[in-house]
Amino acid sequence: MSVKGKNLMSGVVLVGAQWGDEGKGKITDLITPEFDYVVRYQGGNNAGHTVIHGSTQLALHLIPSGIMYPQVTPVIGNGCVIDPAVLLKEMDSLTVAGFSCDRLLISGNAHLIMPWHLALDAASELRLGQNEIGTTKRGIGPAYQDKAARSGIRVQDLDDPHIFRLKVAAALETANALLTRVYDARPFDVDAVSEQYLQYARRITPHIADVSAVLNAGLRTGRRVLFEGAQGTLLDIDHGTYPFVTSSSCTAGGASVGAGVGPTAIDKVLGIAKAYITRVGAGPFPTELSDATGEQLARVGGEVGTTTGRLRRCGWYDAVIIRYAAAVNGLTDLCITKLDVLSAFESIKVCVAYEYLGQQYRSVPSSQTAFHHAMPVYEELEGWGADISGCRCFAELPAAARAYVERLEELAEVPVSVIAVGPDREQTIMRGWRA
Ligand code: IMP
C-alpha cells in the first residue's frame, strides 16, 4: 500500500526564479487545467497577478487563479498570511465576475494580518528612511514576525469569538506600546478590531479546512496538486538577498512546509524567469540598467507592479541568479517569459558571471558584501529584430531567438520547456513541458 501510494504522488511546484513578477500568474493559469488542487503556500496579498481568463481580466492577490476552473479546488495553505478584508474583497470581485468561491479551502493554521501589522509595516519603513526595504506595506513582515514570536492570531481563532477577543487584547498590549511609544503612531482599540474581524469571520470560517489532510489524501489517490509560489527565489527569507527580502519561504521547499505535505510529494519544480530581469523595492541588483536601455525594457515590458503600481527596476538576464535558483529550488524545468520584449533590441546581453575583488563567481556569492559589489560579466548575443508574438512553436522563432533560449538553457543546465511570447494564453510555446 505504501509503495503504491508513493508512486501516485503528483505534486508540481511553480516558483519564481528571480525577484518576483516573472509572469507566474499566466503560466499558473495556463497549466492549472492539468491539476485537481492549486495551492498558495506562502506570502499574502503582497503578491499580485493579472489573470486574463477568456474575456475576463482580474487582479488576484491571494486566491489561487484555479478558482476560475470549476474542476479545480483552490487552497490557501498554512504558510500564508491572510488579510481578511482583502480576501473578502477578492471573493466579491470573483463572484461578480461569475466565479464561485464556494470551493475555496483555507488552512486554519494560516495567520491573520491584523490592522496593526499594516501600521507597523508603514511605521518601520518610515523609521528606516533611506535604508528602507521598500515593502509593499501590506503588513506581511509584522504578521510573520508575530508568527515566529508565537503571538500571532490564526484563521482558526476566528471560530471562537471569546478566544479571538482575548488574543486581540493580548497582541494589542505589545503592538499598541510599540506604535505609541516607539513610532509615535495611533493605537488600536481592542473592541473595534475584534468586532470588525468577527464580522469577517462569518464569511471566512465556512472555508476553513484541514488543508494538509485534504492534500495528502488527494495525493494518495492520484490527485494532482500545483503549488503556486509567490514572490521569487531572491526574495526568500533564507535564500534571498537578505535583508531585502520578504518574510516567507518563496523557494520550492516552502511548498512542503507551507501546505503540510512531505517533500516526496513533489515530482517537478518549474522555475519561471523573465527573458531579462526586474526587481521592485530596494536591494542589490548586479545587472540593473539605470540608463536608456533600462527605461526601454521597462516601457516595452510594461514593468509596473500589479500590487503597488510601482515602477520596476530593469536589467539584463542574469544567468548567475538562475543557476542559483536552479540549485536552491531543485528546478526540473525552466519557463522563459516575455521573450517578445527583447525583440526591440539589436543586441542582447546576458550576465554569465560576477567579478568581485579579482574573483569570478558563477553562482550567487554567499557573502552579502560580495553580492552588493558584484560586477556583471556579460556575453553579448545577437538580437532577432522581428515580432515573435505570433510564434507558437520553437521552430517558428527566428534563429537568433532560438539561439538565445538555447544559451539560457545551457547556462542554467535546466531544460527550457515553456516560452512565453506575449500576455495571452495562446502566446506560449510548449517545448516539452509535462506535469
Ligand atoms: P513585503 O513582502 O511587502 O514585506 O516586501 C519585501 C520585499 O519584497 C520588497 O522589496 C517588495 O517589493 C518585495 N515583494 C513583495 N512581494 C512581491 C511581489 O509579489 N513581487 C515582487 N516583489 C515583491
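**Close-up views of a predicted model**

View 1. A polar side-chain atom of Arg310 sits 3.0 Å from an oxygen atom of the ligand. The protein covers 96% of the 470 Å² of accessible area that the ligand has on its own (areas by the Shrake-Rupley method with a 1.4 Å probe; for residues, only the protein chains shown count as cover). This is a predicted model: local features need pLDDT of at least 70, side-chain atom pairs count only at pLDDT 80 or more, and totals for chains, interfaces and linings use all residues. Residues are numbered from 1 along each chain as its sequence is written, and side-chain values use heavy atoms, with hydrogens and water left out.

A polar backbone atom of Gly134 is 3.2 Å from an oxygen atom of the ligand. An N or O atom in the side chain of Gln231 is 3.3 Å from a nitrogen atom of the ligand. A polar contact is a pair of N or O atoms within 3.5 Å; within protein, one must be able to donate a hydrogen and the other to accept it, and residues adjacent in sequence count only if both atoms are side-chain atoms.

**View 2. Strand β1, enclosed.** Of the 6 residues of β1 (residues 11–16), 6 are buried, so this strand is largely enclosed by the rest of the structure. Buried means under 20% relative accessible area, exposed over 50%, partly exposed in between (1.4 Å probe, protein chains only). Helices (H or I, at least four residues) and strands (E, at least two) are DSSP runs, numbered from the N terminus. In a regular strand the side chains alternate between the two faces of the sheet. Gly11, Val13 and Val15 point one way from β1, and Val12, Leu14 and Gly16 the other way.

β1 runs parallel to β11 (residues 266–274), joined by 6 bridges. Gly16 has Ile272 as its bridge partner in β11. β1 also pairs with β10 (residues 225–228), in the parallel sense, over 4 bridges. There, Gly11 stands opposite Val225. Strands pair if DSSP finds at least two bridges between them.

View 3. β20 pairs with β19 (residues 416–420) in the antiparallel sense over 3 bridges. Ala420 stands opposite Thr428 in β20.

**View 4. Aromatic pairs.** The structure holds 6 aromatic pairs. Rings of Phe, Tyr and Trp (its six-membered ring) pair if their centres lie within 6.5 Å; planes under 30 degrees apart count as stacked, over 60 as edge-to-face and the rest as tilted. Tyr354 and Phe371 pair edge-to-face, 5.8 Å centre to centre, with 65° between the planes. Tyr354 lies in β16 and Phe371 in α12, so the pair ties together parts that are 17 residues apart in sequence. Phe164, Tyr197 and Tyr200 form one aromatic cluster.
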